[in-house]
Amino acid sequence: MKMRPHGGLCILLLLLLVVMELSQAHRNRRDRDKKKERMHEAQDRRGRQRDEKRKERPGLLDGRHHWNNDRWMRRLFGRHGDRWGGRHSFNFGGPDSPFNFGFSWDLGAPSEPWWKGPNVCFSESSDNSTADGDVWHHISTATQACEESEASYRCTTSITKDGLKVTKIEVHECCHGYARDVNDFGCPEKVTLTTLPELARTLGLNDFLRAVDSVGLREELARGNVTVFAPADGSFAPNSGVLSASSGFVLQQDEPLMVSRPLQSKLESELQAMLLGHLLAGPRRVSSFRDEEILETGSPYGSTIRINFFSRPEKLTTANCVRVTSADNLATNGVLHVVEKVLPTVTSPLMDLIQRDQQFSFLKTAVARAGLVSTLQQAGQLTLLAPTNSAFQKLNRGLYDRLLSGNPECLTKVLKHHLLPNVICSGVILQGSASTPNLLGNALNLTRTEDGKLFVNDVQVVRADVMATNGVLHIIDEVLIPDDALDMVTTAKSNGLTEFVNLLDMAGLTSRLQSEDNITVFAPTNEAIKALSPELLKQLSSDQGFLQSVLSYHVVPEEITCSGLTNNLVLDTLNSKNKLRISDYSTFPFGSRQVQTVQCAQVVTRNMASCNAIVHVIDRVLLPPRGNVLDVLSGDTNYSTLLRLVKMAGIADSLQAEGPLTIFAPTNQAFKALGNRTMHELTSDPKQLASILNLHVISGNLCCAGITHNPWWFHQRVRTVDGDTLFLTRNRYDIPEVSGSTISSCDNVATNGVVHGIDKVLVPEPDPWYMFR
């Protein structure tokens, strides 16, 4: 007899084994923790020893697999190293692993940015203005842009809220008389400074000093606390235009000048005023300037200095469009910036410059007629590309008359094409080309040729950088004409629609469409016109009245952009008997395809702007419809059987309703394919016949362009007037199909819809769920 252990004893033994196993695991884990702690202590001790010996034994590798180079890691992590600080390490592999790899670096204690250091001065300024655009209440936006140079850190913060825009500029820079190197904290280096005249002599500005001495300004320059824009040597040559034109003096090179005492006094006064126009009150470094900032000078004429910063195509700073070649030269009593030539005296806005100069008499008239006088008179930051009188006289007579005596909107577009929203100095284009937008949003190309000539869209700048209080003026020798300032016919021709323009000439409509204002033209492509049947082309060329009727059908007496071409929109035309219907098809949210059609002709190019019209290019010639859908069926013998059945079923009146309707019209051959028996059954039951025929009618205007290829997860479908479902797709040959029937004739347009010919009669789909209903 075998003895079996008691059940309770077995459970007790099992628990005892579990407790013993857990105890052993706890001891093993404690031993591993102690071993790891001793290993870390040894690593830290070796790390400290290596740090102490680093100066004696620098290198990349310390130990067999340990990488330690603090300077390299500082360079790798840059400012983030200062932010994170401390000693960092990465190790791979356990203590018992045969391959233990790791690296560590010491970035020291986290440090503050350099501008928090000693001898750094802080300044801030703010400006309030009205924000452009609509006011959105309870919504505010804030943007901040910061830039750093070796001796300054500047942040510009713009906050817009409830229509008010507040711009705050904060500048941290080395205090006057202090400097720093790139890696310094703060500005520890004290600079030995001299007075402004001595600094100018050190910088080799001898001509400037002689000019200052000649009018007795040296003492004021040595004592005053000022900012000086000092012209480089050679700027005071006789032909440099030092004196203003109003002074009445013309200095000739290499000729002695002898004047009377009164004239000498006037000459000295003019020279002194010019020099005072280079001085600002108080020390101003470049970092404290704002782009497009207007600075008041000591000039008795109120001359100002406009500061501009450019980053592309070349980074530079300009004062009145004169390049600053050496900035922030510090003196005991101010700051000196070297400019490459004498700054022009600026006291008048752009409009005054135009009015005073006889070569701009045509431009003055054009500006007044376009209502842009206040734009050129008020404060701002514009660049005006100013055509001379001879430039206007180069225009062809028709364009010249239309601009100066036609629609003012065309002239306004032309002038805004010559206006840039920011000051663009010629010196920023040293070589090559760059583009900049104008007030119309069009890009103008500025090009500097190898021989130093400056061109704007192939038009030469004959004189550049004529400064005004509200911008700068560049004189050009031709008028820049944008496409949207041309008339509709010229715009169509310049965009290659030559066949359409030829038809307008044949119909005698060219001058009318050039003079009509605020119209929309649906212009067919050259291919669309050439695709017309020879019979129709012959009729168009021989019957001018018919041609005028067809072309007038393409013109809407109002301007409508593509965003205004909404689905099922009906538009009047210059052909008063007929209207146009717009259709808009989209596969959203199952795709991104969007198609717009006008009378089922697809719009292929949208919004070609001209002076007096909006032009949309279409892929088909629009022919005035012959009547409603029933009239379209009556006019084609291929649908005689369908027409007879429609009248038999009593649905003819519904097909003559206002619509729009889309008819999928089976051809005579399609009905013949049903066989005599089926046809007899249909004709013997008018109610069933009406149900079958209504399966071919849907509400709405569905053009073939609105039928798309279907992905496997999406099926395009429409509802008939009786509520049945039709499936639409395109086959592999891109031919549209409807519920298994091929559309053999697309887009027979009627006044109340469209007719498509199909090769099979549509029958109701069997309901696979009928047994569960």
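# Disulfides, Salt Bridges and a Charged Patch

Visitor: Is the disulfide of Cys 704 and Cys 746 left-handed or right-handed?

Guide: The torsion about the S-S bond of Cys 704 and Cys 746 is about -90°. A disulfide here is a pair of cysteine sulfur atoms within 2.5 Å. Because of that torsion, the disulfide is left-handed.

Visitor: How many residues apart in sequence are the parts that Cys 704 and Cys 746 tie together?

Guide: Cys 704 lies in the loop between β32 and β33, whereas Cys 746 belongs to strand β36 (residues 741-750). Helices (H or I, at least four residues) and strands (E, at least two) are DSSP runs, numbered from the N terminus. The pair therefore ties together parts whose separation in sequence is 42 residues.

Visitor: What kind of model is this, and how are its residues numbered?

Guide: This is a predicted model, in which local features need pLDDT of at least 70 and side-chain atom pairs count only at pLDDT 80 or more, while totals for chains, interfaces and linings use all residues. Side-chain values use heavy atoms, with hydrogens and water left out, and residues are numbered along each chain as its sequence is written, starting from 1.

Visitor: How many disulfides does a search of the whole structure find?

Guide: A disulfide is a covalent bond between the sulfur atoms of two cysteines. One of those found joins Cys 600 to Cys 703, with an S to S distance of 2.0 Å. A search of the whole structure gives a total of seven.

Visitor: How many residues apart are Cys 600 and Cys 703?

Guide: The link of Cys 600 and Cys 703 is left-handed, with -80° about the S-S bond. This pair links distant parts of the chain: Cys 600 is in the loop between β28 (594-598) and β29 (601-609), and Cys 703 is in the loop between β32 (697-699) and β33 (716-719). Their separation is 103 residues.

Visitor: Where in the chain is Cys 187, the partner of Cys 174?

Guide: The sulfur atoms of Cys 174 and Cys 187 are 2.0 Å apart and form a disulfide. The two cysteines are 13 residues apart, with Cys 174 in strand β7 (residues 164-174). Cys 187 is in the loop between β8 (178-179) and β9 (189-190).

Visitor: What relative accessibility does Cys 187 have?

Guide: Cys 174 counts as buried because its relative accessibility is 1%. Cys 187 also counts as buried, at a relative accessibility of 0%.

Visitor: Which residue forms a salt bridge with Arg 210?

Guide: A salt bridge is a side-chain nitrogen of Lys or Arg within 4 Å of a carboxyl oxygen of Asp or Glu. With the closest N and O atoms 2.2 Å apart, the partner is Asp 207.

Visitor: How many residues apart in sequence are Glu 292 and Arg 306?

Guide: Glu 292 forms a salt bridge with Arg 306, the closest N and O atoms being 2.8 Å apart. Glu 292 lies in the loop between β11 (279-281) and β12 (293-296), and Arg 306 lies in strand β13 (residues 304-310). The pair therefore ties together parts separated in sequence by 14 residues.

Visitor: Is Arg 730 buried or exposed?

Guide: Arg 730 forms a salt bridge with Asp 734, their closest N and O atoms being 3.7 Å apart. Asp 734 counts as partly exposed because its relative accessibility is 43%. At 16% relative accessibility, Arg 730 counts as buried.

Visitor: Which residues form a negative surface patch?

Guide: Patches are made of residues with over 30% relative accessible area and no salt bridge, like charges being joined within 9 Å and nonpolar side chains (Val, Leu, Ile, Met, Phe, Trp, Tyr) within 5 Å. One member, Asp 33, lies in helix α1 (residues 7-53) and is partly exposed at 45%. The negative surface patch is formed by Asp 31, Asp 33, Glu 37 and Glu 41.

Methods
Areas by Shrake-Rupley, 256 points an atom, 1.4 Å probe, with all protein chains shown as cover. Lys, Arg positive; Asp, Glu negative; His and termini not counted. Charge placed at Lys NZ, Arg CZ, Asp CG, Glu CD. Buried < 20%, exposed > 50% of the residue type's maximum accessible area, 1.4 Å probe, protein only.
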